[in-house]
Amino acid sequence: MEGPRPRVNGSMLRNFVGSVVTLVGQVGQIDPNRRWMSVETSDGMNVTAKMPEHETIDQVQGVVEVLGRVLQDCNVEVQFYTTLGEDFDLQRYNEAVKLSSQYPKLFPQRLV
C-alpha cells in the first residue's frame, strides 16, 4: 500500500496489528547479532523492532524513526529505519502523535 502511514506511539500499537506504521523512539539495547533493537517510544513504552530475515541493524544510537508492520505481540517488523539524532524532542513528538489521532480529518493517516 502506498501513501500515508499512521504515526503511532507505543500505546497505540495494539490498534494497528497487521498494519504498517511509523514509530519514533530512543534506541536502547541492540541484539549482539544485530537482528533487533529495543526502542523506547515517545510515550515511554518499550518495543522490539525486529529486522526481516537476512537483514541486520547498523550501529545506531539516539532517536530513530521506524517504518514497519505491527506484529501480534505489539512489536514491529522493520521495513525501514532512519536516525533522527540525539536532540529530537520525543515529548513534543508524542503530543503531535496524540493530536493527529484526535483530529484525523486534519492529519489523514490512511488512504480512503
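Lys50 counts as partly exposed, at 30% relative accessibility, where partly exposed denotes the range between buried, under 20% relative accessible area, and exposed, over 50%, with a 1.4 Å probe and protein chains only. The model that contains this residue is predicted, so that local features need pLDDT of at least 70 and side-chain atom pairs count only at pLDDT 80 or more, while totals for chains, interfaces and linings use all residues. Residues are numbered from 1 along each chain as its sequence is written, and side-chain values use heavy atoms, with hydrogens and water left out.

The protein chain holds one helix and six strands, which are DSSP runs numbered from the N terminus, a helix being H or I with at least four residues and a strand being E with at least two. Along the sequence these elements follow the pattern β-β-β-β-β-β-α. Of the 112 residues in the protein chain, 40% count as buried, and its accessible surface comes to about 6,900 Å², of which 48% belongs to carbon and sulfur atoms; these areas come from the Shrake-Rupley method with a 1.4 Å probe, and for residues only the protein chains shown count as cover. Among the contacts with a separation of 6 or more, 51% are between residues 24 or more positions apart, a contact meaning heavy atoms within 4.5 Å.

Side chains of opposite charge can pair when their charged atoms come close. A search of the whole structure finds four salt bridges, each defined as a side-chain nitrogen of Lys or Arg within 4 Å of a carboxyl oxygen of Asp or Glu.

One of these salt bridges joins Lys50 to Asp73, with the closest N and O atoms 3.4 Å apart. This pair links distant parts of the chain, since Lys50 belongs to strand E4 (residues 46–50) and Asp73 to the loop between E5 and strand E6 (76–85), 23 residues apart.

Another salt bridge brings together the side chains of Glu65 and Arg7, at 2.9 Å from N to O. Because Glu65 lies in strand E5 (residues 63–70) and Arg7 in strand E1 (residues 7–8), the pair ties together parts that are 58 residues apart in sequence. Arg7 is partly exposed, at 35% relative accessibility.

Within helix H1 (residues 90–102), Lys98 and Glu95 lie three residues apart, about one turn of the helix, and their side chains meet in a salt bridge of 3.0 Å, N to O. Lys98 is partly exposed, with a relative accessible area of 39%, and Glu95 is partly exposed at 43%.
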